[in-house]
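Colleague: Could you take a close look at the surroundings of the ligand for me, and then walk outward to the charged pairs and the backbone? I would like the cut-offs along the way, please.

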Amino acid sequence: MEKADPRVVVITGGSKGIGRAVAMKFSGENARIIIVHYDPDNAASDETMKILSEKGVESESHRLDVSDFSSVKGFFEDLISRLERVDVLVNNAGITRDRLLMRMTEEDWDAVLRVNLKSVFNCTVAVNRYMIKQRRGRIVNISSVVGLMGNAGQANYAASKAGIIGFTKSVAREVAPRGVTVNAVAPGFIDTEMTAGLPEKVKEAFMGQIPLGRIGKPEDVAEAVYWLCSEAASYITGQVIQVNGGMYM
Ligand code: NAP
């Protein structure tokens, strides 16, 4: 029997942390994995590419600012004209600029909203037409527990992550008749570079709120993302799957 064509899986922020764990999860199937990152230092993406290549997975890494509409448009036009399909989009790239509102600058607000929320629009709108035409596609947007419960010092981040949820539900309704599902995953406190720099006191406060009693691993989040992209989840759309150790119920 002929082997099916690999699924084309695009993961923004796939160079490290949660995005890398998602890439690793997809590496277990017949997938072509495209990761996108932005730091001019390619060490993290090189490491991810090395692991994928050792596993024999077809993969590509691209440096792209997902908050820039025209760069994202050009990137996906090129990708789709070369590979002639796009099956999975994981909108995972994200940043923080934490500050109490009293000290938050316009730049703090704009940077976080652009990278975390506008990027989700940029990438989704770029694949939407193709997925609809294919009558097949899976989009998973990475939100956050903070988008559901709020967090002092993260008004910009919480707004971006709550925005992702509204976006997810609206687009899910638009594309459902064409066989495309759109869901969000809202991680809790996960052990990545993003959280590594938090003051010990803040980390302890988070830990005290987690009934399962441990910090999450990127792999915990990747499991949910991967499942939402599987055939088993074909009847699930417009949902927010929480992966937070019970931190918020
Ligand atoms: P991370 O380790 O800091 O990774 C962030 C990724 O986003 C990196 O690959 C980074 O690439 C990429 N990125 C940042 N700005 C970008 C841009 N403008 N264009 C393209 N790529 C960009 O963070 P993480 O903890 O894995 O977080 C992944 C997602 O989960 C984020 O959306 C985050 O908000 C969300 N989340 C995380 C937690 C947590 O506790 N860690 C909790 C809830 C939600 P470069 O470094 O190359 O720029």
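Modeller: Happy to! Let us start with aspartate 39, where a polar backbone atom is 2.7 Å from an oxygen atom of the ligand. Asparagine 92 also has a polar backbone atom 2.7 Å from a ligand oxygen, and for a polar backbone atom of glycine 13 the distance to a ligand oxygen is 3.2 Å. A polar contact here is a pair of N or O atoms within 3.5 Å; within protein, one must be able to donate a hydrogen and the other to accept it, and residues adjacent in sequence count only if both atoms are side-chain atoms. On its own, the ligand exposes 900 Å², and the protein buries 93% of that. Those areas come from the Shrake-Rupley method with a 1.4 Å probe, and for residues only the protein chains shown count as cover.

Before going on, a word on the model. It is predicted, so local features need pLDDT of at least 70 and side-chain atom pairs count only at pLDDT 80 or more, while totals for chains, interfaces and linings use all residues. Residues are numbered from 1 along each chain as its sequence is written, and side-chain values use heavy atoms, with hydrogens and water left out.

The elements that give two or more residues to its shell are α1 (17-26), α6 (155-175) and α7 (193-196), and α7 provides the largest share, three residues. Helices (H or I, at least four residues) and strands (E, at least two) are DSSP runs, numbered from the N terminus. There are 29 residues around the ligand, and Ser15, Asp39, Asn92, Tyr157 and Thr192 come nearest; a residue is near a molecule or strand if one of its heavy atoms lies within 4 Å of it. By class, the shell has 13 nonpolar, 11 polar and five charged residues.

Now for the charged pairs. A salt bridge is a side-chain nitrogen of Lys or Arg within 4 Å of a carboxyl oxygen of Asp or Glu, and by this rule the count comes to 15. One of them joins aspartate 108 and arginine 99, at 2.6 Å from N to O. Buried means under 20% relative accessible area, exposed over 50%, and partly exposed in between (1.4 Å probe, protein chains only). Elsewhere, salt bridges that share partners link Arg32, Glu58, Glu60, Asp78 and Arg82 into one network.

Two further pairs lie within helices. In α2 (residues 43-54), glutamate 54 and lysine 50 are four residues apart, about one turn of the helix, and their closest N and O atoms are 3.6 Å apart in a salt bridge. Glutamate 54 counts as exposed at 57%, and lysine 50 as partly exposed at 47%. Lysine 73 and glutamate 77 have the four-residue spacing, about one turn, within α3, and their salt bridge has its closest N and O atoms 3.2 Å apart. Lysine 73 is partly exposed at 40% relative accessibility, and glutamate 77 is partly exposed at 40%.

Finally, the backbone. Most residues other than glycine have a negative phi. Glutamate 84, however, has a positive phi near 60 degrees; this residue is in the loop between α3 (69-83) and β4 (88-91) and counts as exposed at 68%. Arginine 135 also has a positive phi, about 55 degrees, though not a glycine. Its place is the loop between α4 and β5 (137-142), and at 51% relative accessibility arginine 135 counts as exposed.

Notes. Nonpolar A, V, L, I, M, F, W, Y, C, P; charged D, E, K, R; others polar.
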